[in-house]
Amino acid sequence: MAPSLVLFLATAYLGLLFAVAYYGDERAERGRSIISNPYIYALSLAVYCTAWTFYGSVGRAATTGLGFLPIYLGPTLMALIGWIVLRKMVRISQYQRITSISDFIASRYGKSARLAGVVTVVAVLGIVPYIALQLKAISTSYNVLVETPGEAGAAAATGLAHGGVDTALWTSLFLAVFAILFGTRHLDVTERHEGLVAAIAFESVVKLGAFLAVGAYVTFGMFDGFGDLFAAGAADPLIRELYTQTDPAGASEWIWLTGLSMLAFLLLPRQFQVGVVENVDESHIRKATWLFPLYLFAINLFVLPIAVAGLLTFGESQTADAFVLSLPLAQGNEALALFAFLGGLSAATGMVIVATTALSTMICNDLLMPALLRIRSLRLAERPRLTGLILRIRRGAIVVVLLIGYAYLKTVGESYSLVSIGLISFVAVAQFAPAFLGGMYWRRGTKYGALAGILAGAAVWGYTLPLPSLVGTGLVPDTFVTDGPFGIALLRPYAMLGLETLPHIPHSLFWSLTVNAGLYAVVSLFTTPSVAERSQAHLFVEVFRQGGSPDPVQRATASVDDIRALLQRFLGWRRTKHVLEAYGEQYDRNLADVEQADQTLIRHAEKALAGAVGAASAQVAVSSVVQEAPLRLREVLSVLDEAQQVLAYSRELERKQAELEATTRDLKEANEKLKQVDRLKDDFVSTVTHELRTPLTAIRALTEILHTNPSLGEAERTEFLGTIQRETRRLTRLVNQVLDLQRLEAEPVDLDTAVPFDAVVHDAVTAIIPSIEQKGASLTVDGPQGPVPVPGDRDRLMQVVLNLLSNAETFCRQEVRVTLRAGDSAVLSVADDGPGIATDQQDAIFEKFRQVDTGATPGGGSGLGLAIARDIVQAHNGSLDVDSRPGEGATFVVRLPLHAGGASIPAAAESAADNSRANADSAPSSISSRNRTP
């Protein structure tokens with residue numbers, strides 16, 4: 001294929017990217033963002049799919065079968081829990097105005113500039129091989145298109161295209177220009193790179209479309225679908241082995257690589273950039289949790305089919321990384337090959353642009369600027385403007401990083417496959433995991449623990465992966481890998497301490513993270529965090545419970561003019577004006593009338609600077625104009641006293657909350673009971689209506705018969721009148737019960753009057769005996785010889801006893817027993833030998849409007865009798881209870897206090913008692929008792 005055509009299309013496509021990025025920035029400046037969209041956000045996350053995905057996955061599938069999948073299972077799993085982890089990262093970064101992953105880690109541990117610098121160095125060393133991978137992919141794919149098959153292999157190895165053009169070098173320079181134009185346009189990196197994100201989302205669509213097009217062509221054009229393709233592969237013994245996984249070590253590698261890719265999705269600088277820094281709305285994460293896994297599934301759908309088709313077509317004569325391009329070319333489909341080239345170009349350029357932009361920010365903010373600000377001879381603090389210097393540092397960092405990546409490609413990268421280079425970078429960024437994740441969820445982590453862990457983990461990574469890779473270049477002898485340094489076998493980089501069962505990548509990951517996490521935990525436990533670390537730990541761990549930074553303990557003093565000059569030096573006068581106006585609006589203060597800056601203004605200025613130069617550099621810059629005054633003893637005591645008051649107030653709030661919860665539960669229970677009572681009243685109204693209507697209907701019907709038939713016989717007339725009389729008594733009883741209930745609720749009981757309770761019981765027994773005799777039962781009475789005075793109302797007490805006796809007469813079979821005892825109190829028990837009452841119904845029988853069906857109730861009642869009796873007894877300061885078991889009868893027990901005057905009873909009451917006892921001799925003979933008169 002003509003080189004001029006390929007170069008023209010590549011240039012035209014990159015020009016299109018420029019147009020998309022420019023359009024995105026122009027829309028953002030007009031306030032009409034195109035990236036404030038969950039679909040754009042999800043597509044930007046697909047920057048994870050680089051040239052490694054587009055070319056390298058096919059190469060890995062051609063040697064390991066499904067061994068390429070763990071690299072995508074990890075991000076899929078992490079995306080599914082993104083609402084938990086990624087949302088917390090976004091929320092923290094928004095509050096702290098974090099600009100990069102190094103800034104994130106440094107901010108958590110007291111805004112440590114030293115820690116930020118260490119993270120930056122490790123990130124650059126780890127990502128450079130990944131950048132070299134993309135440059136290699138672009139160079140190789142270009143050479144595959146423009147060279148003949150025989151020449152392509154040599155050209156790919158040297159990176160030189162037709163005519164001796166170094167495509168990797170020119171690609172590096174072109175991508176540097178793109179990243180500079182759209183990655184460093186603004187100083188404040190927390191302001192979105194909207195054009196850059198729009199271009200990345202566009203590239204994600206292109207690379208997905210190109211890969212699906214090649215996959216569909218190979219599967220359904222060159223073969224008759226998946227079945228035909230895989231059947232053809234199964235006929236080849238070498239290819240058939242790719243379909244199965246029988247090696248336990250391979251299964252173990254799946255687990256390690258899945259975990260590694262989960263960490264890489266969170267910790268790669270480019271992923272942090274698009275997933276956290278460029279996030280405009282954390283609600284977009286929710287939709288990305290399923291859109292991004294769907295994207296990964298789609299772009300990997302045809303990886304294995306392309307690998308199998310390439311092996312069937314080329315065997316081992318061509319590198320498997322190039323199958324995506326070689327298969328269409330072998331079929332003469334140059335248009336599809338060009339489309340695939342543009343897809344691979346998209347995959348590579350997207351990663352390089354975002355990664356170099358993120359790394360340039362880290363190098364400037366967390367490595368160079370803190371160091372430059374501390375060099376007093378440079379007098380940077382005296383310069384009126386530093387914005388130009390900062391932008392030049394970032395742009396220069398982009399060029400330097402790309403040239404380092406190019407140099408790595410020329411010295412080391414040509415000897416390794418795309419996948420191998422990418423995994424080396426993955427293990428490098430995994431060293432941030434203990435300090436990063438520990439910082440978000442563990443308060444006790446300290447700066448020294450994070451430093452020790454990252455430095456030790458990075459050292460183990462460098463010893464077990466990048467250093468052995470130099471063997472192929474001749475810079476390191478072969479014996480270093482085979483025998484270990486100085487012949488020490490336990491220090492062999494691929495078999496540390498005799499661990500030989502793991503492949504190179506899992507081996508390095510195991511040892512580096514073990515040392516890293518162990519040192520992080522141990523050193524953190526044996527070091528004391530500073531005040532700033534404690535404050536930041538609270539803000540990070542509890543980010544969802546607060547929305548701002550707490551007041552610092554130290555006192556800082558600075559003039560408003562110094563703060564304004566500092567902001568203008570780094571941000572420019574226009575941006576400074578906007579920052580100070582925002583402060584005035586937020587805190588309702590006019591800075592024109594203020595000379596001395598307070599704590600809130602200092603924090604506001606530092607936060608604004610953090611968005612431009614990072615948290616560590618911002619702290620250094622602010623400290624250059626702010627004087628920290630130590631707290632005096634009186635102020636410390638005041639702070640402690642205030643803290644004690646806050647703790648006491650917090651405890652009081654907790655107590656009140658507990659009381660409120662208890663009250664709420666009580667109210668809920670009371671409300672449920674009220675609802676139940678309301679239902680019972682409704683039932684009662686229905687019952688009373690029925691009870692009233694029944695006797696009234698009978699009375700009306702019989703009186704009409706008597707009125708219209710004067711010639712009725714004497715016997716019929718007598719029967720009708722008896723029925724009318726009985727129904728009238730029934731009606732009267734029901735009305736009296738309702739009135740008694742109302743009167744009990746409205747009229748208190750006079751407890752000053754003594755009532756002879758023995759006489760009350762005697763009179764009640766005398767009244768009920770005829771009814772019991774008529775039923776064929778007997779009544780037994782047992783009571784004391786002397787009087788039993790109780791305080792209260794005689795008529796109401798008589799009603800209680802009659803009610804209990806009537807109830808016993810209704811349910812008894814052969815006998816009713818009445819017992820009265822006088823001791824500390826008067827105790828009356830009325831027992832029957834009826835069907836009894838179930839245990840779970842013994843409380844219900846005393847509730848108003850409740851009737852319990854015992855299975856032997858002759859006709860039922862209103863459900864008020866026992867409720868009225870208990871209300872009367874309780875009004876006399878007594879109690880009414882029941883003791884019963886089903887089938888063994890029921891015993892109702894009344895307990896009443898004795899009158900305070902003992903046996904002294906008013907004359908009227910005494911006369912009534914004497915009359916009752918005098919009439920005892922005339923009591924019916926059916927009363928059999930040891931004491932006929934109680």
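Salt bridges to start. This structure holds nine of them. The cut-off: a side-chain nitrogen of Lys or Arg within 4 Å of a carboxyl oxygen of Asp or Glu. Bear in mind that this is a predicted model, where local features need pLDDT of at least 70, side-chain atom pairs count only at pLDDT 80 or more, and totals for chains, interfaces and linings use all residues. Numbering runs from 1 along each chain as its sequence is written, and side-chain values use heavy atoms, with hydrogens and water left out.

Take R794 and D763. Their closest N and O atoms sit 2.6 Å apart. The pair links distant parts of the chain, 31 residues apart: R794 belongs to helix α34 (residues 794-811), D763 to helix α33 (residues 757-775). On elements: helices (H or I, at least four residues) and strands (E, at least two) are DSSP runs, numbered from the N terminus.

How accessible are the two partners? R794 has 25% relative accessibility, so it counts as partly exposed. D763 is partly exposed too, with a relative accessible area of 25%. For the classes, buried is under 20% relative accessible area, exposed is over 50%, and partly exposed lies in between (1.4 Å probe, protein chains only).

Next, R821 and D782. Here the closest N and O atoms are 2.9 Å apart. This bridge joins two strands: R821 in β7 (residues 815-822) and D782 in β5 (residues 778-782), 39 residues apart. Buried or exposed, which is D782? D782 is buried, at 11% relative accessible area. R821 is partly exposed, at 41%.

Then D881 with R870. The closest N and O atoms are 3.8 Å apart. D881 lies in strand β9 (residues 879-884), R870 in helix α35 (residues 865-875), and 11 residues separate them. D881 is partly exposed, with a relative accessible area of 34%.

There is also a network. Salt bridges link R87, R91 and E282.

Now the nonpolar cores. By that I mean sets of buried Ala, Val, Leu, Ile, Met, Phe, Trp, Tyr and Cys residues joined through side-chain atoms within 4.5 Å. The largest has 156 residues. Which of them touch the most other members? F426 and F432 do. Helix α7 (residues 113-146) gives the most to this core, 19 residues.

What does F426 touch? Leaving out residues up to four places away in sequence, F426 touches Y48, W52, I71, Y130, L260, S261, A264 and L268. Contact here is heavy atoms within 4.5 Å.
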